[in-house]
Every structure is written in structure tokens, then in C-alpha cells.
Amino acid sequence: MTPLICRYALALCLITLSANTLLAQTGRTVTTDSLESQRDANGFLSSLFSGKKSKTDTSKIKKPSTWSVLPSAAYNPSVGFAIGAITSGGKYFGNPENTTMSVINAGAYISTNKLSTFEFKHNAFSSQNIWNLQGVMQIGKTIAKDNGLGTGRRSSGEGNFHVGGQYYENNPDEYPVRYVYIKINERIYRKLANHIYAGAGLSFNFYSHIDDDRKNVPITATHNYRYSIKNGYSPNAYAANGVLVNFQFNNRDQPNRPFKGIYADVILKENETWLGSDRKALQLKVEFRKYWSLSESNPEKVLAFWHWASYLLNGSLPYLDLPGTGSDAYGRIGRAFITGRFKGYSFVYNEAEYRFPITDNKLLSGVTFVNIESADNHRDIKLLSHWEPGAGVGLRLLFNKYTRSNLCIDYGRGSYGSSGFFLGLNEVF
């Protein structure tokens, strides 16, 4: 969802071409090791262009090392027509019995509205999971629609104000903010005990060429401008760079698409001026995920829960770096809302999702989800006092069966009439 691009046109074509018989209530048993009976988009394209039916190399089932690439194209009113590509790969760096698969995911696009992005994500495990290296790099030029701080009302501007001797009422409308961003986050963990890790990292977030665009209100009245001037930032460019201290519990069976297990992560982030940050700040970030597989014969039937929270303990953050919708590492928080729709000094998010297979060969699967989010504004809106709900359904195209990579297409609806399609690679959480 960061950037928010509905690149579903080509994916729908692939689904139409590839989908086989729907999973009927036949009572057929599907074992957990039935990779040979599964079909993914990578195998379909290989057989399509080779003219031969793709055969599974059973030697790769035990210790696969695969790489898949798919083109991507779509249209979105804010972004225009976009074209790009997505890719995913995975490899074991140890015995699969005691080592988690390491995965790499990447994607890029460019649009007719002169917007573009490149994303590279990795989650690597050494033999026996002694070391775990997690990282995200995002570079792009995008547009977001800003609605001010806090949850609980359609707009949460900071009150009435005067500009140039003229009086304006509280900003009730969203407005676009164009900007260029570079985000780099690298963390390294060392195994302390079974499934328990501790580590450290660095985080660099740069925002530049920030352009607030309003038709009826001077630029000096926009949320970003007023917040930046009030807190000592340039309204056109700023940075939030810091050091990380991490504690983690992780016993998921797989990082891309877990069927079972728990992932819990606690991070202290301190922004430092000696790293190039405009201001110092101390944040506490907490993440918890739990997965329940509901069927032995169909382990893909999963109930999943996600909690994500960020608390500002001290200092100040630049406006576009405040936590909110889409501000997690992979930009997937808050399906049903645009990126940055809700934000605050602190932010809390909860989501539950049910995942289920649709086709016999697991090429297609589906999800249903509900979520709520809350943010404060350090004025009249307190954290957890107002919640914004969202809900929706989604379709999954199995991208690479060895790495369990999925192409995800979701439709969500939320409060204030918000709705939209959201596309991403791999499960939202």
C-alpha cells in the first residue's frame, strides 16, 4: 500500500487463464507435503512459454532455491497508468528441519503521472537460525492525501487559524502532498535461546521535494506546513534517522505466508542528530502476530491476528514520519484507507484475517479481514479514545509455491465512505 497502487489488471488476466476447478465439498484430503499437486503462476508461465506441462523437481521440495518474476500493470486515478515488475526468491542456508527459509522480495513501477517506486525486502536466516538479518529499502516519488492528526472525525485539523490577516475555519478536506522518499531499515538479530532473539539496527528516513497542494487554502495553512513550522522543521525536506535496539520471539514456520506460530517484536528507536536526523526522538514500537492453522488436511486454512503500535516517548518527529496508516515496514497497515489517512504522535492498530484455499491446486485462495486503528493529536484526541474500522475481502494468486509467495489483491471499505483496491506481494502480515 506504499505507495497505494492497484496493479491488478495483469494479475486478473493471469487468474483467468490459470484458474482450475474450484474446490468443491468433495472431502478430498490434501497433505501438507503436496507441493507436486500445487500450481503457481511461475510454473504456469514456464509451461505457457515452453509449450510443455511444467514438471516439479522433487529434489527442490526438500531444499528449494527458486526465483520468480512477473510483470505488473494497472491504472489508478491518483497515479495514472503504471507498469512495472515484481519478483520473489527463497533459499535455505541450513537444514530445513531447523532453519527457516530466507526470502527476498522486490518490486518497481513507473506511472504516467511521473510517480515511481522501487522496493527491496529481505529476511535471511543462517544455519539453525543463529543469525537473522531483516531489511527494507524503499525509494520513490509518490503522492498522499493528508487529513491531519488523530482519529474520530472526518478531519482532524488543529483548529481555526489566520493567514495573512484572513480567517479560515478548521481544515475539513483532505489535500494531496507530493514528495520524494528514501527509507532504509536494517536489523540484525542473534539467537539467545529457542525462538528468542536480540539485536540492533539502523533506520534512515529521508523526505524531500515536499509539495503541499491546496486550491482554496494557502500553502501556509496546510497540516504539514503548520506542523513543521511549529516544531522547527523545514516544510520542504526533513529526515528521521536513528539507531534501533530489538527483542524478538519468532517460531513461525515460514516468513512469507505462515500457517502457524507467533512473531513478536519490540523495538526502541532513538533518532539522533549525529545520524542526520533533524530532531531527536525516542519511540517504542511493538508488533505481535499469531497464526492458527485450522485444518490438518488443508493447512492453508489459517486464522491470523496482527497488533502493531508505535508510541512517541520523547522528542519530536517530522510530519510525514509520524506513525499511521501504511507506516509499518512493508506499508500494509490499514487496508480500506489510503496511506497516511490517519496518523498521530502515537498509533495503535489491530487486524484479524481468515485465509482459505479456493482451488484444488492452491493456485487461488481468498481472505476476509477486519481492522481498527487509533491515533492521537496531543490536543483533544487521546490515543485509544477513537477507533476507525475497516473490513474487506481479498484474492490470492500463488506466485511461487516453494517460497509460498502470493500476489495479493484486496478490496476494503472503511469509515467515512473510504474504499479501494490494494495490491501487494505476499500476505499483508
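**Close-up views of a predicted model**

**View 1. The hairpin of strands β3 and β4.** Strands β3 and β4 form a hairpin with 4 residues between them, and Lys 114 in the turn has a positive phi of about 65 degrees. Strands (E, at least two residues) and helices (H or I, at least four residues) are DSSP runs, numbered from the N terminus. The model is predicted: local features need pLDDT of at least 70 and side-chain atom pairs count only at pLDDT 80 or more, whereas totals for chains, interfaces and linings use all residues. Residues are numbered from 1 along each chain as its sequence is written, and side-chain values use heavy atoms, with hydrogens and water left out. β3 (residues 102-111) and β4 run antiparallel and are joined by 8 bridges; two strands pair if DSSP finds at least two bridges between them. Across this pairing, Tyr 109 stands opposite Thr 117 in β4.

**View 2. The hairpin of strands β4 and β5.** Strand β4 also runs antiparallel to β5 (residues 131-146), with 10 bridges joining the two. Their hairpin has 5 residues between the strands, and Gln 128 takes a positive phi near 60 degrees there. Phe 118, found in β4 (residues 116-125), stands opposite Ile 139 in β5.

**View 3. A nonpolar patch on the surface.** Phe 118 and Ile 139 belong to a nonpolar surface patch together with Ile 182, Ile 184 and Phe 206. The accessible area of these residues together is about 370 Å², from the Shrake-Rupley method with a 1.4 Å probe, where only the protein chains shown count as cover for residues. Phe 118 is partly exposed, with a relative accessible area of 33%; buried means under 20%, exposed over 50%, and partly exposed in between (1.4 Å probe, protein chains only). Patches are made of residues with over 30% relative accessible area and no salt bridge, like charges being joined within 9 Å and nonpolar side chains (Val, Leu, Ile, Met, Phe, Trp, Tyr) within 5 Å. A salt bridge is a side-chain nitrogen of Lys or Arg within 4 Å of a carboxyl oxygen of Asp or Glu.

**View 4. The largest nonpolar core.** Of the 18 residues in this core, Tyr 179, Tyr 207, Ile 210, Tyr 227, Tyr 238, Tyr 319 and Leu 320 touch the most other members. Strands β8 (175-193) and β9 (196-212) each supply at least two residues of the core, and β8 gives the most, with 4 residues. Such a core is a set of buried Ala, Val, Leu, Ile, Met, Phe, Trp, Tyr and Cys residues joined through side-chain atoms within 4.5 Å. Leaving aside neighbours within four places in sequence, Leu 320 is in contact (heavy atoms within 4.5 Å) with Tyr 179, Tyr 207, Ile 210 and Tyr 238. A second, separate core of 12 residues includes Trp 306, Trp 308, Tyr 349 and Val 428.

**View 5. Helix α4.** In α4 (residues 223-230), the buried residues include His 223, Asn 224, Arg 226, Tyr 227 and Ser 228. The helix is followed by Gly 232, whose phi is positive, near 80 degrees.

**View 6. Two loop lysines.** Lys 382 lies in the loop between β15 (364-375) and β16 (388-400), and is exposed, with a relative accessible area of 52%. Not counting residues up to four places away in sequence, Lys 382 touches Ala 375 and Asp 376. Lys 362, in the loop between β14 (347-357) and β15, is buried, with a relative accessible area of 5%. Phi of Lys 362 is positive, near 65 degrees.
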